[in-house]
Amino acid sequence: MPSSLSSLRITRVGATALVVAGALAISACGKKAPAQLPPDPGPATSTETGQTGSYGPVAGSQADFVAKMMGADTIYFALDDSAVDAEDQTALAKQAQWLQQYPNKRATIEGHCDERGTREYNIALGERRANAAKNYLASLGIDPSRITTVSYGKERPIALGSDEASWAQNRRAVTVTID
Amino acid sequence: MKITRVLALGLMLTVSGTAFAQGAPAPVVTPPAPQDGGLEVTVSDDSAWNDLGIAITSFATDQDVPTRTNAGTTAQLGRALAQVVAGDLKNNGLFKPSGPDGLPQPAYGQIQAPDYVTWASRSADMLVQGFVRAGGDGNLTIGCYLYDVQLKQQLVKGGWQVPPSDWRRAAHKCADMVYSRLSGESPFFDSKIAYIAETGPKNHRMKRLAIMDSDGANHRFLTSGQSMALTPRYSPDYSKILYLSYLNGQPSIYSYDLATDRQTLIARTGAPTLAPRWSPDGKWVLYSMAKGGTTDIYRISSAGGGTPQRLTNGPGINIGGSYSPNGSQIVFESDRSGSQQIYVMNSDGSNQRRISFFGGRAATPEWSPRGDQIAFTHIAGNLRVAVMNPNGGGMRHLTDSWQDEAPTWSPNGRIVQFFRTTKSTGVASIWQVDLTGRNERKLPTPVGASDPAWGPIRP
């Protein structure tokens, strides 16, 4: 269980920042990731980005993680599925590399679904997706106690359309490191 | 808390005999035993509801005095009461009510002696009349009478004493009495609904726990929206609401106590809990817990304490659970076959068997309070609300829209509410439909609305 409210809030803000970076990187990483960009999520609501002037993100910060991952902080799933495929494995290997570099960092994996399922089942399915990502990281040697999971089901879409491309973007697991 | 205000509804018979001796209507509550020659109307699943013309007149008062209601004086309240009764009967497609607007207003003395000739000339089949009196203590006495115009006969009557804040309940009781007498079905208007109020854009939507009466009145938000709230369920006695909240970061089930406005975690599991459900007697709570990629259904005592009993044991996602009315069986959802399907088990978890075999996916099963049907979400392209027999046969769609899900039954098992999501905008609203599928309507809610949970007839 996440420890405190404050860490929670940071996690959520981190996810918002991640949304932008993730979306920008999507065209580069291809796969099921659709071309369509999600709308601007609005002005940032937090300063927890780890930025230090013009020198780029602080090494080992969530901002650093996002910058280094170039979209690989998010993996995508097929319809009603939680299997980690080859492309997901590449992304998770990149995440594992970063986590090994910063062994004191913890992370939360957020599981999400598209809107075309029932609400309760999607929360369970999002959990299964986040857990699949966690298990794969563990298989790469990341201590599972460093990783928590949380499912938002279909409640937090990143792409807002009601079409296949949007749904493909929303079936995802996003890794957010905890600053 | 308002529970204390629930007076002895329907118990004013002894009082009324003396209190209204001076020519006033003396409502005496009797069991609605059909008199010989009484109207016989049978309403079955497959037949259309009746087109019976019912005239509903403004309730008369002996003295037009101020009340402590939001409706105004007793005369204004009399009109408001009739409007609530007419709204109940009309909005459910059962009858063709008219009034109180545009109808003659009976005098106080006529409440027990209707002018049958006038009503017959207006082609009314049935006539509802009533009265409202303000008591010295601020409480209200409300009487309701149903007459058969053709037979020139009183069919049923009822009387209730209520505090001013509960005046609408008396109107719902009146509508329930009329509905039950004419349809032969159990009442359902005097009931409440818990749901999730939704505001804001699709990607930043606030989801709050809220409650309202069965007709959408007396709306109230229970949570601030800081933490996302989902999937509420009223306890059978209306004292608590179980719901899912992200208050601790993880989705977890809380029990919200309506008397104290406090909430507690139902189980400290260290893992996310979701899909809360009550047993019909309120003694048990079902919840689902996700762990290690699988989800299973557990049962705990609603009184707290005790060890949770695991009812399913994978594989995959086993979730939800709705008790049969006698509490002996549970219908639930599982994807153990590869996709969401509906299963039934005994209440101790034994004898699990799949019942849905009609193609597509099937989710969110809810057992009718009558026991004869299971409502669920059928996913085959679009999401639609459907019903089937408890053995899985007789599947019928009740709705046909882009995304309808999560049905909940009216207390009498005749109406199903669900929520409908609009394509693209994702705006959600609560709708209801009767078992014919023909009478569908949207409920009036102040903001977007989802996850309706209909409670039983109020005690």
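**View 1. Four strands of chain B form an open sheet in the order 18-19-20-21, with antiparallel pairing.** Strand 18 (318-323) and strand 21 (353-354) of chain B are the edge strands; each has a single partner strand, so one side of each has no neighbour in the sheet. The model shown here is predicted. Strand 20 (residues 341-346) of chain B runs antiparallel to strand 21 of chain B, and 2 bridges join them. Within this part of the view, B:Tyr343 is found opposite B:Arg354, a residue of strand 21 of chain B.

**View 2. A further open sheet of 4 strands in chain B has the order 22-23-24-25, and its pairing is antiparallel.** The edges are taken by strand 22 (361-367) and strand 25 (396-397) of chain B; each pairs with a single strand, so one side of each is left without a neighbour in the sheet. Strand 22 of chain B is paired with strand 23 (residues 374-380) of chain B through 5 bridges, in the antiparallel sense. To follow this pairing at the level of residues, find B:Ala363, whose bridge partner in strand 23 of chain B is B:Thr377.

**View 3. Helix 2 of chain B covers residues 74-91.** Its 18 residues should span 26 Å at 1.5 Å a residue, and the C-alpha atoms at its ends are 25 Å apart, which agrees. The buried residues of helix 2 of chain B include B:Leu77, B:Leu81, B:Val84, B:Val85 and B:Leu89. B:Thr74, B:Gly78 and B:Asp88 are also among the buried residues of this helix. What do the buried residues of helix 2 of chain B pack against? Their neighbours in chain B are strand 1 (53-56), strand 2 (60-61), strand 3 (96-98), strand 4 (126-134), strand 5 (140-148) and helix 4 (167-183).

**View 4. Chain A meets chain B through 24 residues of chain A, in contact with 33 residues of chain B.** On the side of chain A that touches chain B, the elements giving two or more residues are helix 4 (119-139) and strand 3 (147-153) of chain A. Helix 4 of chain A gives the most, with 10 residues. The residues on this side of chain A divide into 12 nonpolar, 5 polar and 7 charged.

**View 5. Chain B as a whole contains 4 helices and 30 strands.** Of the 459 residues in chain B, 50% are buried. Among contacts in chain B with a separation of 6 or more, 47% are between residues 24 or more positions apart.

Methods. Residues numbered from 1 in each chain as written. Chains lettered and ligands numbered in written order. Predicted model: local features only at pLDDT ≥ 70, side-chain atom pairs only at ≥ 80, totals over all residues. Buried ≥ 20, exposed ≤ 12 C-beta atoms within 10 Å, placed from the backbone. Contact = placed C-beta atoms within 7 Å. Expected span 1.5 Å × (residues − 1). Nonpolar A, V, L, I, M, F, W, Y, C, P; charged D, E, K, R; others polar. Pairing = 2+ DSSP bridges.
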